[in-house]
Amino acid sequence: MFKKRIAVLVAFVVVMASVLAGCGNGKSSGDSATKKSAFKAGMVTDTGGVDDKSFNQSAWEGLKDFAKDNDLKTGTGVKYLQSTQASDYSPNLNTMIHQNFNVVYGIGFLMQSDVQKIAEQNPKAKLGIVDAVAVDKNNKPLKNVASITFKEQQGSFLVGVVAGLTTKTNKVGFIGGINSALIKKFENGFKAGVKTVNPKAEVYAQYAGAFDAPDKGRAIAQTIYTKGADIIYASAGNTGNGVFTEAKNRTKNGKKVWVIGVDKDQHDQGLPENVTLTSMVKRVDKAIYDVTKQTKAGKFPGGKVLEFGLEQNGVGIAPTTENVSKKALDAVNDYKGKIIDGSITVPTTDKELKEYLANLK
């Protein structure tokens, strides 16, 4: 009888040891799963490249700021893939999805169709598109895509006010990348701002047909400056860098001209000749940061169209204002208030601009 009791006790100890061991293994497995689920956010550039000193660079800076604030490593926790041609868009987006990034951004409206296709093929993936609205076959926003848009016309109006009050020749220029509904918002907002404060001013507008052609941007700038323009607003990504090259060359040769930058504060881009009058800042970095933060918190805004304007501090003039007169700055603040309170609706299309100009007093 005594031997049987000992055997039962031994068996009980063995069973309990196994149970406790199992509990221990469960905890270890949980830790491993936590490590595997570390948050990752990625982006795919358009052909302008991540160092375009403009649109793509701003987006990447937003991700890097998020990484810094959330103890993520650049290159792993946040990462970008660069596209050298349009055919790179889909492969790059797919690569990041297959690498289990929690959110993947397509930077630029040129990626709209690729983002839509990839999103429908990977319904569990979370994607973002900048400057476009990703829709399904029924033209409804895709549930797994956050569409990030801006009121570029509002910020462009303000730099147009600066140009109209600064020009000495009453001739200014606009250079766009690809002629599209998006870039037309920049052009028409700018023209409206110029004409509102300087009805006599003439605005020359021309498109390069690309966002990655600085040589072409410089050639167009040569033409516009030669016509007598002393200020050019460039909304053309890397193509716009050619405008800065031409402006700096002319200034070195004794003929002072200005450039209005875009997307980022491009003051440094105009140095050492100091040719940046101001810039229309488009806070792609802020938008990318905000959506990534929401995603990490489990509140991914899929299916929503997010719009950033003056009221949301999504667009505006650059903080560097050393080359802008007090008169122009005061006017900018005045018109900013009128746009926000609805007194002025800034035109986005050629038709709207025509109607706006016809109604100017």
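**Reading salt bridges in a predicted model**

Modeller: The count here comes to 13 salt bridges, a salt bridge being a side-chain nitrogen of Lys or Arg within 4 Å of a carboxyl oxygen of Asp or Glu. This is a predicted model, in which local features need pLDDT of at least 70, side-chain atom pairs count only at pLDDT 80 or more, and totals for chains, interfaces and linings use all residues. Residues are numbered from 1 along each chain as its sequence is written, and side-chain values use heavy atoms, with hydrogens and water left out.

Colleague: What is the general idea behind such a pair?

Modeller: Side chains of opposite charge can pair when their charged atoms come close. In this structure E152 pairs with K282, with 2.7 Å between the closest N and O atoms.

Colleague: Which elements hold E152 and K282?

Modeller: E152 is in helix α5 (residues 152-166) and K282 is in strand β10 (residues 276-282), so the pair links distant parts of the chain, 130 residues apart. Helices (H or I, at least four residues) and strands (E, at least two) are DSSP runs, numbered from the N terminus.

Colleague: Is E152 buried or exposed?

Modeller: Buried means under 20% relative accessible area, exposed over 50%, and partly exposed in between, with a 1.4 Å probe and protein chains only. E152 has a relative accessible area of 0% and is therefore buried. K282, at 1% relative accessibility, counts as buried too.

Colleague: Which residues are linked with E152 and K282 in a network of salt bridges?

Modeller: D131 and K185; together with E152 and K282 they are linked in that network.

Colleague: How should I read a pair within one helix?

Modeller: Look at the spacing along the chain. R250 and E246 form a salt bridge at 2.7 Å, N to O. They are four residues apart in helix α8 (residues 241-252), so about one helical turn separates them. Both residues of this pair, R250 and E246, are buried.

Colleague: What is the N to O distance for D290 and K286?

Modeller: The distance is 3.2 Å, and the two side chains meet in a salt bridge. D290 and K286 both lie in helix α9 (residues 284-296), four residues apart, about one turn of the helix. D290 is partly exposed, with a relative accessible area of 24%, and K286 is partly exposed at 27%.

Colleague: Where is N249 placed?

Modeller: N249 is in helix α8. At 28% relative accessibility, N249 counts as partly exposed. Its C-alpha atom is separated by 10.0 Å from that of V275, 26 residues apart along the chain.
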